[in-house]
Amino acid sequence: MSPALPSGSPVSALRRVGPPWMTVFTLAWLAIWTVQLTPVQLLLPLQLNTSEKDWIPGVISSGLVLGIGGLAGIVAGPLAGALSDRAAVGRRRRRPWAIGGVLVTALFLVVTGFSEGPWAVGGAWVGVSIGVAVSSAAFTALIADQLPPTQRGAASAAVGSSQAVGIVLGVGLVVLLGLGIREGYLLLAGIIATVGIGAALLLPDPPAAVDATPVTRDRHLLASLRDRDFAWMLSGRLVTNIGNALGTALFLFFLLHGLHQETTVAQDNLLLLIVVYTLFVVLASVFTGVFSDRTGNRRSLTILATLVQAASGVVIAVVPTFEATMVAAALMGLGYGAFSTVGLAFAADLLPGERDHARDLGIVYVTAALGQLIGPVLGAGLVALVGGFWLVFAAAAVLSLVGGALTALARQPAREPRPHP
């Protein structure tokens, strides 16, 4: 595996990594997204679903559980990142947090599988969310720690595309293998424990050097928000993620109670929608990630991605049929695949301080977690307000547009010439 310099090294000194590094990094994120999003899309709604005659309480319970979990992730991610930035000289900075987060995730996935009722499930899901946030902060920091700007788009593409593939992998395994809710959680716990720990051990994590330890910098957790461009980027990322969560978090409930499909039919159709979504996420992630590395203009691509995502919400709100939902899933995949990939690379380019990579990228991760918090809760409230789903998808479109407008206020940083091999 190609070596990289310590995380305190200047960006210009970072060397390009090889395919082994990218492969292991991608597998780590594939496991993280699989265990985080399979419960969100399938297992939690099944656990908390109520009868057809009184289905709205089930939607509300699911939204609250996901929201509380998102809140826990908001606190845990940046805190773990900040603490890993401050590792003592000679100590590993990211690996202990990655392994610790993975173990916490696996443990609480098992607990969630054996829980019953909204309160017990919600409490267990908080543990899962904390574990995912901690491990994600550690793995995300590697992008800025070890990669030059010319490879950050490719690494971000790995994160974005594995998100969609993870949903297909997790939901596909549960549905096609005919697993129950409890067995599904146990399978996910095994996946994250095996792949997550293996990736943390295989990816390089040079010990903290003298120049990587904090001396005179601002220790305040939110100090980076004083940077104008970084703050606008975060605002746009937050709002766009809320729009995405509105458009995806309640999909199973939409099939069950919006299109009135039977449970088995709804599960099969959910898997089909996720496959379509995934295909376009992967295509958009790979293409836009590589393209943004070559051009360096990440802001324009990020804004364009929010417009495509907004179109998906309009399609479902105007034509609430399963066929239209398939089209919307493709548009959502294109938009969010490009946004999650190029947007993350754009965030890495805008990092205010060289010595606070994990802290600041932890805050970037929080915008996604906060979107997962606000989106389901807001969506549940909108469903309860109108007794249906059209307002949810209309709001998803509006928020995506607002996210693009906020992103446009962040300036594209000047790019250093790409070194010749």
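Predicted model: local features only at pLDDT ≥ 70, side-chain atom pairs only at ≥ 80, totals over all residues.

User: How do I read a pair of helices, and what are the values for α1 and α6?

Analyst: The general idea is that two packed helices are described by the angle between their axes and the distance between the axes. Here, take helix α1 (residues 19-48) and helix α6 (residues 181-202): their axes cross at roughly 165° and come within 9 Å. An angle over 145 degrees counts as roughly antiparallel, so that is how α1 and α6 run relative to each other. Their crossing is left-handed. As for what sits in the contact of α1 with α6, you'll find 18 nonpolar residues, four polar and no charged.

User: Now a single residue. Is T112 buried or exposed?

Analyst: The cut-off for buried is under 20% relative accessible area. T112 comes out at 0%, so T112 is buried. This residue belongs to helix α3 (residues 95-113).

User: Which residues does T112 touch?

Analyst: If you skip residues up to four places away in sequence, T112 touches L44, Q47, V121, A124, W125, V128 and Y185.

User: And which residues have the most contacts inside the largest nonpolar core?

Analyst: Those are F25, F139 and M233, in a core of 102 residues. Helix α1 turns up again here, giving the largest share of this core with 16 residues.

User: What is M233 in contact with?

Analyst: Leaving out neighbours within four places in sequence, M233 contacts F346, A347, L350, V364 and A410.

How values were computed
Residues numbered from 1 in each chain as written. Heavy atoms only, no water. Axes fitted to C-alpha atoms, helices over the stretch in contact; angles between N-to-C directions. Helix = DSSP H or I, 4+ residues; strand = E, 2+ residues; numbered from the N terminus. Parallel < 35°, antiparallel > 145°, perpendicular 65-115°, else oblique. Left-handed = near helix turned anticlockwise from the far one by under 90°. Nonpolar A, V, L, I, M, F, W, Y, C, P; charged D, E, K, R; others polar. Buried < 20%, exposed > 50% of the residue type's maximum accessible area, 1.4 Å probe, protein only. Contact = heavy atoms within 4.5 Å. Core = buried A, V, L, I, M, F, W, Y, C linked by side-chain atoms within 4.5 Å.
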